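These are my notebook entries on one protein structure. I looked up how its elements are placed and where open space is left.

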Amino acid sequence: MKHAIVIVDDDPIIRMDIREMLEEEGYHVVGEGKNGQEAVELAARLKPDLVIMDVKMPVMNGIKATRIIQGMQELGTSVLLLTAYSQKELVQEAREAGVIAYLVKPVTEADLIPAVEIALSQKARFDGLRRDLKQLRQSLEERKWVEKAKGVLMKRFGLDEQEAYARLRDLSMAERVPLPELAARFLAEGSG
């Protein structure tokens, strides 16, 4: 599956050239814009995998737009910045804004496609880390429910930790309900 990409540059010729390079490689360009405000709106509406955007644009520059896009974490959209300028301060600002790649114009296909590939592979890695973090948070929350339910059983029936856990586990198996779900239900029913 080729990825959805948005191109944002105030120069329509550059947008057209980039679109052609991407489409020749099988990428799906889902939108185009001419300023940072449009980049933010397109990212929010289209939820692309990648936004390729110029730094210097009217209305809102690419760095400010990147900060806003990266602030919308539910999007999971990566940003590759294009610029005619390679000053250290600009590169530093781009890095701090969360840019995943940075290319200096004029952009050739030999430069663009590898940068897009790397940006998308980094995005996939970040997406995996986000999923792992979400799963770890859920596991931690479930563990807390089990620990609280054990504590209630220990207090109510004078059980030690192993005995309380064994009761919860046995009930979980008997009712064919996952242990965290059983613990949460047990606590919600006023047993906590």
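Entry one: strand 1. I looked up how far strand 1 (residues 4-8) is covered in this predicted model. I found that 5 of its 5 residues are buried, so strand 1 is largely enclosed by the rest of the structure. For this entry I took buried to mean under 20% relative accessible area.

I then sorted the residues by direction. A4, V6 and V8 point one way from strand 1, whereas I5 and I7 point the other way, and all are buried. I noted the general rule that side chains in a regular strand alternate between the two faces of the sheet.

Entry two: the partners of strand 1. I recorded that strand 1 pairs with strand 2 (residues 28-33) in the parallel sense, over 5 bridges. Within strand 2, V29 is the bridge partner of I5. The chain gets from strand 1 to strand 2 by way of helix 1 (residues 12-24), and I noted this β-α-β crossover as right-handed. Strand 1 also pairs in the parallel sense with strand 3 (residues 50-54), over 4 bridges. In strand 3, M53 stands opposite V8.

Entry three: the largest pocket. I read its space as about 220 Å³. It is lined by 14 residues, and Q70, T77, S78, F126 and R130 are the closest to its centre. Helix 3 (62-71), strand 4 (78-83) and helix 5 (109-157) are the elements that each give two or more residues to the lining. Which element gives the largest share of the lining? I found that helix 5 does, with 4 residues. By type, the lining divides into 5 nonpolar, 6 polar and 3 charged residues.

Methods. Residues numbered from 1 in each chain as written. Predicted model: local features only at pLDDT ≥ 70, side-chain atom pairs only at ≥ 80, totals over all residues. Heavy atoms only, no water. 1 Å grid on protein atoms, 1.4 Å probe; cavity = no way out; pocket = protein on both sides within 12 Å on 5 of 7 lines; lining within 4 Å. Points joined across faces, edges and corners; volume = space filled by probe spheres on them. Nonpolar A, V, L, I, M, F, W, Y, C, P; charged D, E, K, R; others polar. Buried < 20%, exposed > 50% of the residue type's maximum accessible area, 1.4 Å probe, protein only. Pairing = 2+ DSSP bridges. Right-handed = clockwise from strand over helix to strand, strands pointing away.
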